[in-house]
Amino acid sequence: MFKFGVAAASACVGSVVASWSIDRWNSPHVVNNAMQRPPKRKRTLPPRSEQIKSLMSGEEFDVLIIGGGATGAGCALDSVTRGLKTALVELDDFASGTSSRSTKLIHGGVRYLQKAILGLDLEQYRMVKEALQERATMLESAPHLTHPLPIMLPVYTWWQLPYYWVGIKAYDLVAGDRNVKSSYLLSKNDALELFPMLRGDKLCGAIVYYDGQQDDARMCLAVALTAARHGATVCNHVEVKELLRKDDGTGNKVLCGAKVKDHISGKEFTVKAKCIINATGPFTDSIRKMDDPTVKSICCPSSGVHIVLPGYYSPDQMGLLDPSTSDGRVIFFLPWQRQTIAGTTDLPCEITHNPVPTEDEIQFILSEIKNYLNKDVEVRRGDVLSAWSGIRPLVSDPNKDDTQSLARNHIVHVSPSHLITIAGGKWTTYRAMAEHTLDAAIKACNLKPERPDAVTSFLKIEGGQGWTPTMYIRLVQDFGLECEVAQHLAKSYGDRAFAVSKMASLTGKRWPIIGNRIHPEFPYIDAEIRYGVREYACTAVDMIARRLRLAFLNVQAAQEALPVIVDIMGEELQWSKEEKERQIKHATEFLANEMGHAVNRSSKEKIPIKLSKEEIQTYVKRFQLIDKDKKGYVSINDIRRALKSFGDGDVSGEQLHEILKEIDTNMNGQVELDEYLQMMSAIKTGDVAYSRFARMAELEEAKVEAANLKTKISVDRSGGGL
C-alpha cells in the first residue's frame with residue numbers, strides 16, 4: 001500500500017511538470033484585450049414594454065440570440081459591447097432552465113484535471129485551464145453575487161493524503177496567477193474543528209482547496225440586465241416559431257430573421273436579423289431542426305438532481321467534496337444562502353421544459369451524505385426542504401466526422417444557412433463561450449462591429465460597480481433596515497440595493513423602520529417584489545424562483561409566501577382577481593412538480609406506521625381532543641378553533657389551509673386519524689422534520705390536562721392530610 005501511494009504521488013508530480021511544459025507551448029485561445037476599454041452604460045433599464053416595442057419596430061438587428069440562459073445572456077452582452085445591434089428572446093424566463101439549477105459553483109473541475117493528468121489528455125487540460133481563468137473573471141466582474149468558497153476533501157485512507165494533496169496543488173498550479181487562494185493540508189483535529197459535522201472515526205486528515213460560489217439565477221439575470229443597459233433588446237416569454245430565410249445573392253438561402261410570439265400579450269411578429277445565434281442549451285436540436293429538419297441530433301441530455309437541507313448540516317463557510325461515491329460519481333455538499341445544498345446525480349433523461357426530481361435520486365444523495373456525517377447528525381428525509389432537476393446538455397461535435405463521442409468542452413457550429421450554434425460547456429465559462437461564439441458569428445455573417453475583440457473580461461456586471469463588502473451598513477443606517485435584510489440586499493443587488501430599499505414600505509415599528517418580510521424565516525422584503533417586476537418578472541414563478549430564490553431554498557415557505565407575492569405583483573401589473581388565481585395555481589404546480597413539493601408529499605404517504613401501543617393511544621387521545629364534535633376527522637374549523645384558544649385567532653385563511661395541507665395526504669380537505677398517525681410515525685423515524693398540526697395537538701392535550709388539574713380537590717379542602 002505504501003508503494004502504491006508513493007507511486008501515485010510520483011506519477012502526479014511528473015504529470016504536473018509535464019502539463020506545465022505543455023501549457024507553455026500550447027496556450028489556450030486568449031484574446032489580448034489589454035488596450036480595449038469597456039464601453040460605458042448607455043441608459044437606464046427600459047421597461048419590458050419598450051423592449052417588446054423595439055423587437056416589433058421592424059428594424060434589422062445585427063444579431064438575434066435565441067435563449068436567455070447563461071450562454072445566451074453572455075452572447076448578448078458580448079455582442080452589444082462590441083457595438084452590434086443586439087436582440088435576445090427567451091421562451092420562458094431568464095435562467096429558467098439549467099442556468100438556475102446548477103450546483104452554484106464557479107469551478108475549473110478538479111475531477112477533469114485528474115483525468116487530464118492521468119490520461120495525458122491535452123484537450124481536457126486546456127478546458128480546465130480556461131475554466132480556471134474564467135473563474136477569476138467571474139469573481140471580479142460580479143463581486144456581490146460571487147465569493148470564494150473553501151471546500152474540504154476528507155481523507156480516510158492514509159496513502160490518499162499525498163495523492164490528493166499533489167492533485168489539488170496541481171489545480172492551484174494550473175490556475176497560475178489567477179488562483180483564488182492556495183490549498184492547504186489539515187490534520188484530523190483541525191479538520192473536525194472546521195467541519196464539526198464530519199465523521200471522525202478513521203479520518204486521517206483533509207485537504208482544503210478553493211473554488212467560487214454564485215447565485216446562478218441572479219447572475220444570469222444580471223448579465224442580461226447589463227446587456228440591456230448597454231443597449232441590447234432582451235425579452236423573456238417570447239418564443240421563436242419559425243426561422244426566416246433569404247437569398248444571399250449567390251443562390252444560397254441564409255437566415256434573415258425569425259417569427260416570434262410574445263406569450264404575455266399573445267402578439268406574433270417578425271424580427272429581422274443579419275445573424276441568428278442558437279444558445280438554447282438542452283433544446284439546441286429543436287432550433288437546429290427548425291433550420292434544417294434533416295440534421296442529426298447532437299444533444300445527449302443528462303439529469304442532475306440537487307436537494308436543499310437546513311443550514312445546520314454544514315458550516316457557514318466550508319463545503320465538502322465526496323470524490324468517489326458508491327457509483328463512482330462526485331457529490332458536493334455546500335453551504336448556500338444559509339442552507340445546505342447537496343448534489344448532484346447524473347442520469348440520462350428526456351429533454352423537457354419541466355424536469356422533475358425523483359425519490360430514488362433524492363434517496364441516493366441522502367445515503368451518500370450519511371457516509372460522511374457523524375452520528376449526531378441524523379440525515380432525515382423530512383429535512384429535504386426542496387429538490388430540483390437540471391438538464392445538462394452534453395453534446396457531440398457536429399464539426400467532427402465522429403459524432404458519436406461527446407465533446408468535453410463547448411462547441412461552436414456554423415450551418416450552411418449561417419445558424420450559429422453554441423452548445424455544451426459549463427456555467428463558469430459562459431463569458432469565454434460567448435466570446436468564441438461572437439468571433440464565429442462576425443466571421444460567418446460578415447458583421448461589422450465597432451470593436452473587433454471582446455471587452456467583457458473587464459466589464460462589471462449589474463450591481464458590481466459600486467459594491468463593497470461593508471455596503472450593507474449604509475443600508476442599515478440610511479434606511480433603517482434589519483441587518484440581515486440589508487446584507488441580503490447588498491449581496492443580491494449590489495449597488496442597486498439602494499434603489500430596492502427606496503421601494504420598501506414602512507413597518508410601523510420602532511425597528512426596523514422599513515422592509516416588511518414576505519416570510520418570517522427569510523430576509524426577502526416587499527420592495528423586492530416591486531423591483532423584480534422592473535427586472536422583467538412577468539409571472540409568480542419568475543418571482544419565487546429567479547428574482548427571489550425562495551422556491552429553491554424552501555418549497556413550503558415559497559408556497560406560504562405566494563399570496564403576498566401575487567398581491568404585490570398584481571398591484572404592479574394590474575392583474576385581475578382571475579389572473580391572480582391563475583398565477584397562484586400555476587406557481588403551486590411549479591412548486592409541486594419541479595421544486596420537489598409533490599415528491600416530498602408522496603414520500604410521506606409511503607411511510608408505514610411504526611408506533612407503539614402507548615404512542616397510538618396518546619395520539620388518538622390528542623386527535624379526539626381537537627375533533628370536539630366527534631366527526632371522525634379534523635376540519636379547518638377545528639384547526640381555527642384550536643389556534644384561537646391558544647391566542648392565535650388572527651391566523652389567515654391561507655395559513656390555515658397550509659397547516660391542513662401538510663398532513664392531509666389524500667387532499668380531501670380534512671384530516672383523518674390514519675393521516676395523523678402516519679405523520680407522527682414519520683416524525684418519529686425522521687422522514688418528516690416538523691408538523692404544525694402535530695404541535696397544535698400536543699398543546700391542546702397540555703391545555704386540557706392543565707384545566708383538569710385546576711378542578712382537583714385542593715389541599716385545604718382535603719384537610720391537608722396525606
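## A walk through the predicted model

Let's start in a loop: Lys104 sits between strand S2 (86-89) and strand S3 (105-106). What makes Lys104 stand out is a positive phi of about 70°, although the residue is not a glycine. Lys104 is also buried, at a relative accessible area of 0%.

His418 is another residue other than glycine with a positive phi, here near 75°. This histidine belongs to the loop between strand S17 (411-414) and strand S18 (419-423). His418 has a relative accessible area of 26%, so it counts as partly exposed. For context, most residues other than glycine have a negative phi, and most peptide bonds are trans.

**The whole chain**

Keep in mind that this is a predicted model. Mean pLDDT for the protein is 87, with 88% of the residues reaching 70 or more. Residues 1-11 are another story: pLDDT is below 50 there, and the stretch has eight contacts in the model beyond near neighbours in sequence. Over residues 13-35 the pLDDT also stays under 50, and the model gives that stretch 25 contacts beyond four places in sequence. Where pLDDT is low, the predicted coordinates should not be read in detail.

As for the fold, the protein has 25 helices and 20 strands. Of its 722 residues, 55% count as buried. Among contacts in the protein with a separation of 6 or more, 73% are between residues 24 or more positions apart.

**Two cis peptide bonds**

Going from Trp511 to Pro512, the peptide bond is cis, with omega near -5°. Pro512 is in the loop between helix H14 (497-501) and helix H15 (526-534). The peptide bond from Gly343 to Thr344 is cis as well, with omega near 20°. Thr344 is part of the loop between S14 and S15.

**Around Thr345**

That loop, between strand S14 (339-343) and strand S15 (347-348), also holds Thr345. Is Thr345 buried or exposed? Its relative accessibility is 3%, so Thr345 counts as buried. The Thr345 side chain comes to 2.9 Å from the backbone nitrogen of Val305, and it makes a polar contact of 3.3 Å with the side chain of Glu361. Leaving out residues up to four places away in sequence, Thr345 touches Ser303, Gly304, Val305, Arg329, Glu361, Phe364 and Ile365.

**Around His410**

Back among the histidines, His410 lies in the loop between strand S16 (386-395) and S17. With a relative accessibility of 13%, His410 counts as buried. Which side chains does His410 pair with? One is Asn409, in a polar contact, and another is His436. With residues up to four places away in sequence set aside, His410 touches Glu130, Ile422, Ala423, Gly424, Gly425, Met433 and His436.

| Residue | Partner | Distance |
|---|---|---|
| Thr345 side chain | Glu361 side chain | 3.3 Å |
| His410 side chain | Asn409 side chain | 3.1 Å |
| His410 side chain | His436 side chain | 3.0 Å |

**Met152 in its strand**

Met152 is a strand residue, placed in S4 (residues 146-155). Its relative accessible area is 0%, so Met152 is buried. How far is the C-alpha atom of Met152 from that of Val208, 56 residues apart along the chain? The two C-alpha atoms are separated by 4.4 Å. Val208 is also one of the residues that Met152 touches once those up to four places away in sequence are not counted. The rest of that list runs through Leu186, Ala191, Leu194, Phe195 and Leu198, then Ala206 and Ile207, and on to Met318, Gly319, Leu320 and Leu321.

**A helix pair**

To finish, take helix H16 (residues 540-547) and helix H18 (residues 555-573), which pack at an angle of about 115° with their axes 10 Å apart. The crossing of H16 past H18 is right-handed. On the H16 side, Ala540, Met543 and Ile544 make the contact, while H18 brings Leu562, Ile565, Val566 and Met569. What is the make-up of this contact by class? There are seven nonpolar residues, with no polar and no charged ones.

Definitions and conventions
Residues are numbered from 1 along each chain as its sequence is written. This is a predicted model: local features need pLDDT of at least 70, side-chain atom pairs count only at pLDDT 80 or more; totals for chains, interfaces and linings use all residues. Side-chain values use heavy atoms; hydrogens and water are left out. Axes are lines fitted to C-alpha atoms, for helices over the stretch in contact, and angles run from 0 to 180 degrees between N-to-C directions. Helices (H or I, at least four residues) and strands (E, at least two) are DSSP runs, numbered from the N terminus. A crossing is left-handed if the near helix is turned anticlockwise from the far one by less than a right angle, and right-handed if clockwise. Contact means heavy atoms within 4.5 Å. Ala, Val, Leu, Ile, Met, Phe, Trp, Tyr, Cys and Pro count as nonpolar, Asp, Glu, Lys and Arg as charged, and the others, Gly among them, as polar. Buried means under 20% relative accessible area, exposed over 50%, partly exposed in between (1.4 Å probe, protein chains only). pLDDT is the predictor's confidence in each residue, from 0 to 100. A polar contact is a pair of N or O atoms within 3.5 Å; within protein, one must be able to donate a hydrogen and the other to accept it, and residues adjacent in sequence count only if both atoms are side-chain atoms.
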